[in-house]
There are 2 protein chains.
Amino acid sequence: MFNKTRIMAESIKTTKKALSTATSNAPAFTLKTPKGTKDWADKDMTVRSAIFDHLTSLFKSHGGVTIDTPVFELREILSGKYGEDSKLIYNLEDQGGELTSLRYDLTVPFARFVAMNGISNIKRYHIAKVYRRDQPAMTKGRMREFYQCDFDIAGVYDSMVPDAEILKILTSGLLGLGIDNFKIKLNHRKILDGIFQVCGVTDDDVRKVSSAVDKLDKLPWDDVKKEMVVEKNQPEEVADKIGTFVKINGTVQDVLSKLKSFDELMNNESAKTGIEEIETMTEYLEAFKIDQFISFDMSLARGLDYYTGVIYEAVTEQSAPPTDAAEKKLKSKKKNNNDDASEYVGVGSIAAGGRYDNLVGMFLGTNSKGKKAPSIPCVGVSFGIERLFSLIKQRQAHLDKIRPTSTQVYIMAFGGGDGWTGFLPERMQVAGMLWDAGIESEYLYKKKANPRKQFDAAEKSGCPIAVILGKEEFPNGDVRVKVLGQGDDNEGELIKLENMVEYVSKKLQEVKVDGLSDVERLLQAK
Amino acid sequence: MFNKTRIMAESIKTTKKALSTATSNAPAFTLKTPKGTKDWADKDMTVRSAIFDHLTSLFKSHGGVTIDTPVFELREILSGKYGEDSKLIYNLEDQGGELTSLRYDLTVPFARFVAMNGISNIKRYHIAKVYRRDQPAMTKGRMREFYQCDFDIAGVYDSMVPDAEILKILTSGLLGLGIDNFKIKLNHRKILDGIFQVCGVTDDDVRKVSSAVDKLDKLPWDDVKKEMVVEKNQPEEVADKIGTFVKINGTVQDVLSKLKSFDELMNNESAKTGIEEIETMTEYLEAFKIDQFISFDMSLARGLDYYTGVIYEAVTEQSAPPTDAAEKKLKSKKKNNNDDASEYVGVGSIAAGGRYDNLVGMFLGTNSKGKKAPSIPCVGVSFGIERLFSLIKQRQAHLDKIRPTSTQVYIMAFGGGDGWTGFLPERMQVAGMLWDAGIESEYLYKKKANPRKQFDAAEKSGCPIAVILGKEEFPNGDVRVKVLGQGDDNEGELIKLENMVEYVSKKLQEVKVDGLSDVERLLQAK
């Protein structure tokens, strides 16, 4: 049964604009979008599209192709991929036929796509919405429907070559959006596993201990240690030993030499492999000139189970200044050691990813000899669109200039007196000429409109140029082209109709400051 | 319970590539997308994106803004909007909280958005997927998940002004995609209602009789008449009288004069209003120079209940040549009268829409005086992306040239012998320079690769230019820039590294035939 009272209650919390619909001849429910979802509109769409366009051309410049998978998948595809978060998956009602669920991320559908089509290597990007039945926190930008923006490289290649390129893409993606005060926290699952082994954590406990370590960006060490000892019953000395390792962070070179100084670590197969892989990558990071953005950080663990190699997370002070006590406490603590990343601690990540070599294999069958097909190794990055969006929206001065429409020309008719028709079909004819030339144009949808109303509409649209059809001038084949916002004494130019499109195009180039659109300037603003 | 056998059965029908997964260490289900859905990939994505881009810039040129609504809505929002088709709505499982369903179209969410935000006027476009639990017919392009591409104008304006602009947008949309052999069937709900009234159809029967008339593009008149008389029990003389009217079609002017010759029609309030509105529009259609595309057709009824004014449907011979007997029969019949639209009969529509003045009102509450708020009149058009896509994909010669990637430059290293490193970091450095200049570039993810492998990869990517790092040349700061596909004797140019980006950009302009990209040429091909 439909629970109207709950709907009402939620709507009051979430929908300011919702219209109360108490009376009988109105719909018997409150007008709103479902909990945790929102409409995007107005200049927000202009800004968001510009962010997508920037990332799309970046992905293309690296040889990426895009795919589009269904918004829902067979439930089996998603099950067993997200651990305890599986409870957040949206199921579609069983209306007969297959059981399906809304996608939880873009990574599992990508792995399904690669396995299903027997693809051996691909660089793919995918920008689309994903769905999680989580407790929404609109203010924090945590929604039930939100965008993910992923680039992944699948295939067997020389060690760390695609991994390094993904970090180059991550860096270019942020720099291109005018974000330069970020750090990329880097770690390696094999090194972490090695650390846990030498610290005496049993294989069964590795994941839960790892998830405790992962909280080090939000909680001080003492709290994390307590969680290990009390909740995850690790011996205190084990926790302390883990502490000595996970507090290590700094430049790749520094941390590598620190790690190598621990013989027990270098004698651990897993740790040794991870350390060698990071070593291999350093040369590539320098070739891409991005090494200065990297902070090699033993406390980065990342939640998802499926990571098998490098993991990374880009953080910036802007993105979410630490607010609660624990974070402040941690900040002040960490400040005492010369810790590269400390000033970024407690800040939400704006992009993240890692290597996952076994996920595609989970979808692969066995060959005729009953031998399991080898998995396709993958490495990728996901940009946090909502967070990037809120960062860019802080650039108020530039944001104010953004318009929801792209209208460039407003077509007006001036006249009056006897036999004045309002020149509506004439305005339509002129609009048609401009549209066919690809020039964004509008006019008032009225047979007769006074100049004031037409200028107001032009100003509201924010378009730079007006084309004016004068009662006497137009019948002679002339229109007046006026650059707006230059004072009333500016009469504009009288132009022959057949030259109008060319003249308007020229004028539009002139009014474009430094050749950049307002939204381009917004993205590049620091 | 999950019905595995059904899944298996369906998968065999729908997924060629599905991997059989009989054995135990493989997933216990067949790898496929849900019934009626598909993955989009490869060059299909290039073509589809180009279609979206074309329509998006068209919509923007008319002052359109875009919105993005959630993929699911409160179930109440959708209920009572689609008549008997409501059974095709996808419901989300009740996992506690609100009852929600996947959107069935973009029009109802748009009306909800307008009502919820108290918007008095807006021109909005929306390109997004909609969901219908229909029997899929992949071959016919009927899917359960498919794109809609809508432009709608909401607001109170002078009569028929936005309506005419929507028809201009419909025309430009198709012409810009290289489709010029189309007709826009035009009709008016008020005229149809008037016809039914003068023919003696009771108000209660209007909708069901109308839905019978709507089948005239797929069935011959005799079958439609039988449906009216037998299934919808109308007196035979009523059906015959309806026949005399609904067979009328031709140019707007011709049909207008025919209709006006029926006094009983001109004495009918509804018909008179509709005829006058079409009369008003003719002047605007001529101003937009699109009148030659219009076929005023009394047999066009359109399924959806919510239309209240003009309705239209663009058809083309290409889009789906009639195959079944009924259609052939009808064609031959119709050929006997000089019927403008007859040669297009039985062809699926590639774009359609109409005026719906009451839909927003269904979401509006009442004011303080308990008076229902007035609705916001709307008129819009929806492009059938899947059909347009299949039309454009028939342009084989141009399609063959389309590449999934945009890669422009392939970076190679030539060398060998003692101390040959393979120049991998060096290739990365060069790639970084090109990427930072926005030039799409790739290289082999191998430390050392022989020239053959690198040329093969370049050819596979289809990129026009190679930048070659020679073992002797590169240390001197030189790279070789080679335009590909000009024979092996073409050595390319030796360029200083610091001039590479500029030189490559120049070369890329030169290789661009007539300044058009391959996909631009595909869209403009007839």
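Over which residues of chain A does pLDDT stay under 50, and how many contacts beyond four places in sequence does the model have for them? The stretch is residues 1–25 of chain A, and the model has 35 such contacts for it. Residues 319–347 of chain A also fall below 50 in pLDDT, with 56 contacts beyond near neighbours in sequence. This is a predicted model. Chain A averages a pLDDT of 87. The predictor gives the complex an ipTM of 0.88 and a pTM of 0.88.

**Confidence**

- In chain A, 87% of the residues score at least 70 in pLDDT.
- Residues 1–25 of chain A stay under 50, so read their placement with that score in mind.
- The stretch 319–347 of chain A is likewise below 50.**Chain A overall**

- Chain A has 526 residues, and 59% of them count as buried.
- Its secondary structure comes to 19 helices and 16 strands.
- Take the contacts in chain A between residues at least 6 apart in sequence: 71% of these join residues at least 24 apart.

**Cysteines**

- Zero disulfides turn up over all chains when the whole structure is searched.
- Cys199(A) has a relative accessibility of 5%, so it counts as buried.
- Cys463(B) is also buried, with a relative accessible area of 5%.

**Interface of chain B and chain A**

- On the chain B side, 105 residues are in contact with chain A; on the chain A side, 105 residues take part.
- About 9,300 Å² is buried between the two chains.
- Carbon and sulfur atoms give 59% of that area.
- Three residues of chain B lead its share: Asp68(B), Met116(B) and Tyr445(B). Together they supply 9% of the area that chain B buries against chain A, more than any other three residues.
- The interface holds 14 salt bridges.
- Lys168(A) and Asp436(B) meet through their side chains in a salt bridge, at 3.0 Å from N to O.
- Helix H16 of chain B, residues 424–436, gives the largest share of the side that touches chain A: seven residues.

**Tyr131(A)**

- Where does Tyr131(A) lie? It is in strand S4 of chain A, which covers residues 122–131.
- Is Tyr131(A) buried or exposed? Its relative accessibility is 2%, under the 20% cut-off, so Tyr131(A) counts as buried.
- Within chain A, Tyr131(A) touches residues including Val71(A), Leu88(A), Tyr90(A), Leu102(A), Arg103(A) and Tyr104(A). Arg144(A) and Glu145(A) are also among its contacts.
- Tyr131(A) also touches chain B, through Val71(B) and Phe72(B).
- Val71(A) is 60 residues from Tyr131(A) in sequence. Their C-alpha atoms are 9.0 Å apart in space.
- With Glu145(A), the link is a polar contact of 2.8 Å between the two side chains.

**Asn268(A)**

- Asn268(A) sits in the loop between helix H11 (263–266) and helix H12 (269–287) of chain A.
- Its relative accessible area is 9%, so Asn268(A) is buried.
- Which residues does Asn268(A) contact, leaving aside neighbours within four places in sequence? They are Gly194(A), Gln197(A) and Val198(A).
- With Gln197(A), Asn268(A) makes a polar contact, side chain to side chain, at 2.7 Å.
- A polar atom of the Asn268(A) side chain also lies 2.8 Å from the backbone nitrogen of Ala271(A).

**Positive phi at two non-glycine residues**

- Asp42(A) is not a glycine, yet has a positive phi of about 55°.
- Asp42(A) belongs to helix H2 of chain A, residues 42–61.
- At 47% relative accessibility, Asp42(A) falls between the 20% and 50% cut-offs, so it counts as partly exposed.
- Lys289(A) is not a glycine either, and has a positive phi of about 55°.
- Lys289(A) is in the loop between H12 and strand S8 (294–297) of chain A.
- At 54% relative accessibility, Lys289(A) is over the 50% cut-off and therefore counts as exposed.

How values were computed. Residues numbered from 1 in each chain as written. Chains lettered and ligands numbered in written order. Predicted model: local features only at pLDDT ≥ 70, side-chain atom pairs only at ≥ 80, totals over all residues. Heavy atoms only, no water. pLDDT = per-residue confidence, 0-100. Contact = heavy atoms within 4.5 Å. Disulfide = S-S within 2.5 Å. Buried < 20%, exposed > 50% of the residue type's maximum accessible area, 1.4 Å probe, protein only. Buried area = accessible area lost by both parts, 1.4 Å probe. Salt bridge = Lys/Arg side-chain N within 4 Å of Asp/Glu carboxyl O. Helix = DSSP H or I, 4+ residues; strand = E, 2+ residues; numbered from the N terminus. Polar contact = N/O pair within 3.5 Å; in protein donor to acceptor, adjacent residues only side chain to side chain.
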